[in-house]
Amino acid sequence: MVAPPDNDVLWARALHFAHSGSDSGSPALTGVSLGVREGEILAVTGPRGSGKTTLLRCLSGQLLPQQGEVWFNSTPVHTMGPLVRERLRRDRFGWIDPEPVLVPELNVWENAALPLMLRGTPRRPAKTAAHEWLDRLDVGRLARKRPHALSVAERQRVAIARALAHAPHVVFADEPTATLHRADSAHIMRTLTAAARSHDITVVLATHDSAVGALADRTESLLDGRRVHTVPLPEKAPEGEGRAACSLSV
């Protein structure tokens, strides 16, 4: 086991994972390796079913790879027990799902403050932090409403506020704009990327939307569970249009 580079907050080597009971028989990840620098916004792109969500879940400790290594700040995540990984996710990571999953019994600010309260932050500072992020995401006026009274876009903004309120080191965003109209998508992504850069938060973002991926500092592409490198090819006369070829890397 070799320690990762010092400047990588996240580092994965030779990840393999196959979902049990898969009808396709195609593994979700096949030898994927990558590093994410501190404060970087990395977009993981690729078509649906390419392994993006599985990669994010392995990097965040939700899934243990069947082969390979995952490191966070030079600490091996793949050797941690379930309780240690759960504490890591609660205290150091934020997670945004494609569709907002909020606790229906809690109001908006309580949902946003939930990670803080779960780790023992007193109610008043937890509420203050939640309101700060709700205001930044233009849903502060809804702080006392229950999730059922919100639109899908409003619930997603609350979910993003929840992912940011406890000042995580890394936010994992799995297709965070998949259910949103383009205007809502653009606003939410601008807010998320601006917040990440102003608070030095690392973001690992899975998306199949090129407009969302363009907001990242760097892009990694997956296809059938493997990293894809796009290699420019020489222009071909007479069309004069450049071409590109994809090569797989493990």
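Two strands count as paired if DSSP finds at least two bridges between them. Strands (E, at least two residues) and helices (H or I, at least four) are DSSP runs, numbered from the N terminus. The views below show a predicted model, in which local features need pLDDT of at least 70, side-chain atom pairs count only at pLDDT 80 or more, and totals for chains, interfaces and linings use all residues. Residues are numbered from 1 along each chain as its sequence is written, and side-chain values use heavy atoms, with hydrogens and water left out.

**View 1. Strand β7 pairs with β6 and with β8.**
The β6 and β7 strands are parallel and share four bridges. Here Ile96 sits opposite Ala173 of β7. The β7 and β8 strands are parallel too, with five bridges. Phe172 has Val204 as its bridge partner in β8. Strands of a sheet pair through backbone hydrogen bonds, either parallel or antiparallel.

**View 2. β7 is covered on both faces.**
Five of the five residues in β7 are buried (under 20% relative accessible area with a 1.4 Å probe, protein chains only; exposed is over 50%, partly exposed in between). In a regular strand the side chains alternate between the two faces of the sheet. On one side of β7 lie Val170, Phe172 and Asp174. Val171 and Ala173 lie on the other.

**View 3. A right-handed β-α-β unit is made by β7, α6 and β8.**
Right-handed means that, with the strands pointing away from the viewer, the path from the first strand over the helix to the second runs clockwise. Helix α6 spans residues 182-198. Strand β7 covers 170-174 and β8 covers 202-207.

**View 4. Phe72, Phe93, Trp95 and Phe172 form one aromatic cluster.**
Rings of Phe, Tyr and Trp (its six-membered ring) pair if their centres lie within 6.5 Å; planes under 30 degrees apart count as stacked, over 60 as edge-to-face and the rest as tilted. The count comes to three aromatic pairs. Phe93 and Phe172 have ring centres 5.2 Å apart and planes at 80°, so this pair is edge-to-face. The pair links strand β6 (residues 93-96) to strand β7, across 79 residues of chain. Both Phe93 and Phe172 are buried. Trp95 and Phe172 have ring centres 6.1 Å apart and planes at 35°, so this pair is tilted. Trp95 in β6 and Phe172 in β7 are 77 residues apart. Trp95 is buried, as is Phe172.

**View 5. The largest nonpolar core has 40 residues.**
A nonpolar core is a set of buried Ala, Val, Leu, Ile, Met, Phe, Trp, Tyr and Cys residues joined through side-chain atoms within 4.5 Å. Among the residues with the most contacts inside this core are Ile96, Leu164 and Leu192. Elements giving two or more residues include β3 (41-45), α3 (108-118) and α4 (123-136). Helix α5 gives the most, with eight residues. Leaving aside neighbours within four places in sequence, Leu192 is in contact (heavy atoms within 4.5 Å) with Ile96, Ile160, Leu164 and Ala173. Another core lies apart, with 28 residues, among them Val32, Leu55, Leu56 and Val170.

**View 6. Four strands form an open antiparallel sheet.**
The strand order is β2-β1-β4-β5. Strands β2 (29-37) and β5 (75-76) are the edges, each pairing on one side only. Seven bridges join β1 (residues 8-17) to β2. Asp8 stands opposite Arg37 of β2.
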